[in-house]
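Please look through the sequence and the model below before reading on. The paragraphs that follow take up ring contacts, a helix and a hairpin in turn.

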Amino acid sequence: MIGKPITGKSFGGCVRYLLEKPDAKIISAEGVRIQDAKSITQGFNLQRKLRPGLGKAVGHLVLSWSKEDLPKLNDEVMIARANEYMKKMGIIGTQCLIVRHHDREHPHLHVVYNRVDNLGKTITDKNDYTRNIKACKEITLKYGYHLGEGKDLVNRQALKGKEKVKYELYDAIKNSLKRSVDWQGFENKLKLKGISVDFKYRSGTSQVQGISFEKGNLKMKGSSIDRSFSHAKLEAQLNRSYKRKQEYHSERIHSSSSYSTHKENSFLDLSLQHHGSSMAASVVDMLFPDEYVPIQADPAGDAEKRRRKRKSIRLNSHKVTADKQLINHH
């Protein structure tokens with residue numbers, strides 16, 4: 001659940017805005033007659049007279065849920081959550097009107113209340129921003145509602161005036177910070193969006209104490225736009241981005257060097273493979289000169305030689321026998 005507290009001066013304008021929306025539905029009222037917008041406005045203004053010096057007597061709340069929470073909600077549940085929220089915010093004992101709208105995808109309602117309570121005392125709006133965040137978080141966790149991402153879920157189109165410019169600053173600072181690694185780049189990106197940066201220095205020194213952003217006629221401290229936009233936190237974020245950039249470049253250089261070495265080694269391996277047989281032949285030539293002819297085994301030739309040798313022995317044996325016979329005869 002997200003809450004948005006607003007203060008204003010005109011009950012009539014606020015009531016008409018809420019009731020003239022298509023499908024607007026009054027789901028609860030306290031201390032005012034609800035016949036029409038005029039009677040409601042008269043009731044608020046009558047009690048307002050108990051504290052005539054209070055200029056901004058109009059309290060206006062917008063309570064929104066994520067569309068994922070729709071199955072958990074109906075008019076009665078939304079009234080109960082609105083009353084619980086107001087109690088946490090100290091909005092008690094006063095007139096109020098609760099109107100549900102259906103002009104957005106997400107379920108939401110509006111509460112108009114009198115900052116002059118039933119006893120004529122003023123209901124404070126001090127620290128509304130901080131108390132609102134705390135109340136919404138407690139209710140969201142208690143009932144298991146969808147946890148949103150804070151400012152990123154705020155409907156920019158519904159914002160007006162100072163709130164609209166504030167969120168324009170928020171979006172511009174956040175986007176520029178993501179793409180920057182130093183102050184100069186950060187300031188240049190904001191300048192292109194019509195935003196100037198003003199540093200506050202510690203008296204008599206060059207030490208930066210704070211930072212503000214200006215767009216149009218609105219100038220706001222960084223921490224007022226978002227707590228993460230103080231000078232110290234912006235400085236830390238830029239330093240982290242710069243460090244990541246340096247590490248990235250170092251890794252690329254290392255990877256490139258490793259790739260070159262690997263490529264050279266691969267080329268050498270291929271060269272060795274290509275010239276392997278030639279190198280082997282060269283080694284043989286060195287060990288065995290040209291006049292050396294290795295003896296080759298020839299089983300078939302050896303057998304033929306043995307056959308001829310046996311034949312020769314037999315012929316010689318027959319010749320010797322014949323010679324002996326001829327001598328004996330004579």
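How many aromatic pairs does the structure hold? The structure holds eight, where the rings of Phe, Tyr and Trp (its six-membered ring) pair if their centres lie within 6.5 Å, and where planes under 30 degrees apart count as stacked, over 60 as edge-to-face and the rest as tilted. One of them is the stacked pair of Phe11 and Phe44, with 4.6 Å centre to centre and 5° between the planes. This pair links distant parts of the chain, with Phe11 in helix 1 (residues 11-19) and Phe44 in helix 2 (residues 37-48), 33 residues apart; helices (H or I, at least four residues) and strands (E, at least two) are DSSP runs, numbered from the N terminus. Phe11 and Phe44 are both buried, that is, under 20% relative accessible area, whereas exposed is over 50% and partly exposed lies in between (1.4 Å probe, protein chains only).

This is a predicted model, in which local features need pLDDT of at least 70 and side-chain atom pairs count only at pLDDT 80 or more, while totals for chains, interfaces and linings use all residues. Residues are numbered from 1 along each chain as its sequence is written, and side-chain values use heavy atoms, with hydrogens and water left out.

Helix 2, which carries Phe44, has twelve residues that should span 16 Å at 1.5 Å a residue, and its end C-alpha atoms are 17 Å apart, which agrees; the expected span is 1.5 Å times one less than the number of residues. The buried residues of helix 2 include Ser39, Ile40, Gly43, Phe44 and Gln47. Among the elements that cover them, by contact (heavy atoms within 4.5 Å), are helix 1, strand 2 (25-30), strand 4 (96-101) and strand 5 (108-114).

Elsewhere, Trp183, Phe186, Phe199 and Phe213 form one aromatic cluster. Arg81 lies over the face of Tyr143, at 3.5 Å from the ring centre; a charge sits over a ring if NZ of Lys or CZ of Arg is within 6 Å of the ring centre and within 35 degrees of the ring normal.

Turning to the strands, strand 6 (residues 196-201) and strand 7 (residues 208-215) run antiparallel and are joined by six bridges, two strands being paired if DSSP finds at least two bridges between them. Ser196 has Glu214 in strand 7 as its bridge partner. The two strands form a hairpin with six residues between them, and Gly204 in the turn has a positive phi of about 75°.
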